[in-house]
Every structure is written in structure tokens, then in C-alpha cells.
Amino acid sequence: MAKETFGQRLARLRKEKDYTQNDIADKVGVTAQAVSKWENDQASPDIDVIVKLADLYDISTDELLGKEKPAVTSFQEKPSKKSLDKMFFRIKVHDAEEGDDVNVNLPLALVRIFVDKEDGKINILNGNKNLEGIDFRQLIEMVEQGVVGELISVDSKDGTTVRIFVE
């Protein structure tokens with residue numbers, strides 16, 4: 001699997017937010033041509049613009065620059081540190097075959113409501129083949145026992161990735 005270039009990452013992030021190159025240019029104070037050059041890996045933004053882009057996409061500058069975050073899963077001795085109902089399931093799927101990126105942020109309280117009691121699936125996520133084998137009942141049980149962070153991380157041979165976090 002070829003690693004995503006900085007320009008490809010910028011283009012993907014922009015499309016995920018449904019922004020045009022003009023939108024990005026206006027938000028960070030450059031021309032649309034500059035954004036185009038970044039996305040085509042013909043130039044790179046200045047450091048102060050990188051910070052603005054990271055803020056715009058709500059990610060760290062490390063993530064924007066392509067540094068992969070280490071998997072962090074922890075066990076909280078006292079799950080009461082953060083109310084379970086204030087936690088979120090964050091599901092990120094990159095389907096290399098289809099070229100799709102799916103990002104879902106669901107409050108744990110909603111996940112509890114939507115999880116099918118019999119098969120552990122979440123009906124609103126039906127149709128995504130990458131999430132078929134996941135029993136969300138088991139994930140909820142783990143969170144209730146205090147496990148937080150990255151619960152599932154799958155990298156397939158075809159380049160598809162699935163990440164499920166609870167924060």
C-alpha cells in the first residue's frame with residue numbers, strides 16, 4: 001500500500017469537510033492556486049498555514065503532516081472520571097477499494113440505543129462491509145468496564161483501515 005502524500009491528505013481532508021479549494025484559500029489567507037499546488041504536491045504551505053489547516057480540519061499538526069498516532073488503549077480504574085453518557089464512539093473507515101472515507105462520531109448514549117440486542121450491530125451503519133463483523137454490544141461492555149481509547153484497529157492487505165475509538 002502506497003503511503004498517502006501530504007497533498008493527497010490535504011485533498012481528502014478538504015473533501016471530507018465539503019470545502020472547495022477557494023473555501024480553504026479564503027479561510028487560511030492564500031490563493032486557490034496555492035491550495036491546488038499543495039494538493040498536487042508541487043509546493044508546501046508555510047508553517048503558520050499548517051497550524052491554520054490543522055485547526056480548520058480539527059486535527060493535530062502531526063496528523064496533518066502524516067505522523068501516525070500510536071494505538072492508545074487504556075483502562076480507567078474509575079470509569080466515573082468521565083460520564084459514560086458523555087463519551088463518543090469514533091469510527092474511521094478508509095475503504096481503499098472504493099476510495100471512500102467514512103468518519104462517524106456517535107455519542108455512547110446513542111450507540112446504546114441503536115445497538116441491536118440480538119446481533120450487536122448498529123442498524124444505521126448497515127451497508128458498510130468493513131463494519132460487518134463488529135459486535136458493538138461487546139465494545140459497549142468494554143467501555144462500561146473502563147476501557148477507553150482505540151478499541152479496534154484493522155489494516156487489511158488491500159489498504160482498507162478501520163479504527164474505532166471511545167473518548
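Which helix is E39 found in?

1. E39 sits in helix α3. The model is a predicted one, and the points below should be read with that in mind.

2. Is E39 buried or exposed? Its relative accessible area is 11%. Buried means under 20%, so E39 counts as buried. Setting aside residues up to four places away in sequence, E39 touches G7, Q8, L10, A11, R14 and Q21.

3. Q21 belongs to the contact between α2 and α3. Helix α2 covers residues 21–28 and helix α3 covers residues 32–39. Their axes come within 8 Å and cross at roughly 110°. Angles of 65 to 115 degrees count as roughly perpendicular, so α2 is roughly perpendicular to α3. The crossing of α2 past α3 is right-handed.

4. Which residues make the contact? From α2 come Q21, N22, I24, A25 and V28. From α3 come A32, V35, S36, W38 and E39. By class, the contact of α2 with α3 holds six nonpolar residues, three polar and one charged.

5. Now the strands. Strand β2 (residues 88–95) and strand β3 (residues 100–107) run antiparallel. Eight bridges join β2 to β3. F88 stands opposite P107 in β3.

6. What lies between the strands of this hairpin? Four residues separate β2 from β3. In the hairpin, G99 takes a positive phi near 75°.

Terms used. Residues are numbered from 1 along each chain as its sequence is written. This is a predicted model: local features need pLDDT of at least 70, side-chain atom pairs count only at pLDDT 80 or more; totals for chains, interfaces and linings use all residues. Side-chain values use heavy atoms; hydrogens and water are left out. Axes are lines fitted to C-alpha atoms, for helices over the stretch in contact, and angles run from 0 to 180 degrees between N-to-C directions. Helices (H or I, at least four residues) and strands (E, at least two) are DSSP runs, numbered from the N terminus. Angles under 35 degrees count as roughly parallel, over 145 as roughly antiparallel, 65 to 115 as roughly perpendicular and the rest as oblique. A crossing is left-handed if the near helix is turned anticlockwise from the far one by less than a right angle, and right-handed if clockwise. Contact means heavy atoms within 4.5 Å. Ala, Val, Leu, Ile, Met, Phe, Trp, Tyr, Cys and Pro count as nonpolar, Asp, Glu, Lys and Arg as charged, and the others, Gly among them, as polar. Buried means under 20% relative accessible area, exposed over 50%, partly exposed in between (1.4 Å probe, protein chains only). Two strands pair if DSSP finds at least two bridges between them.
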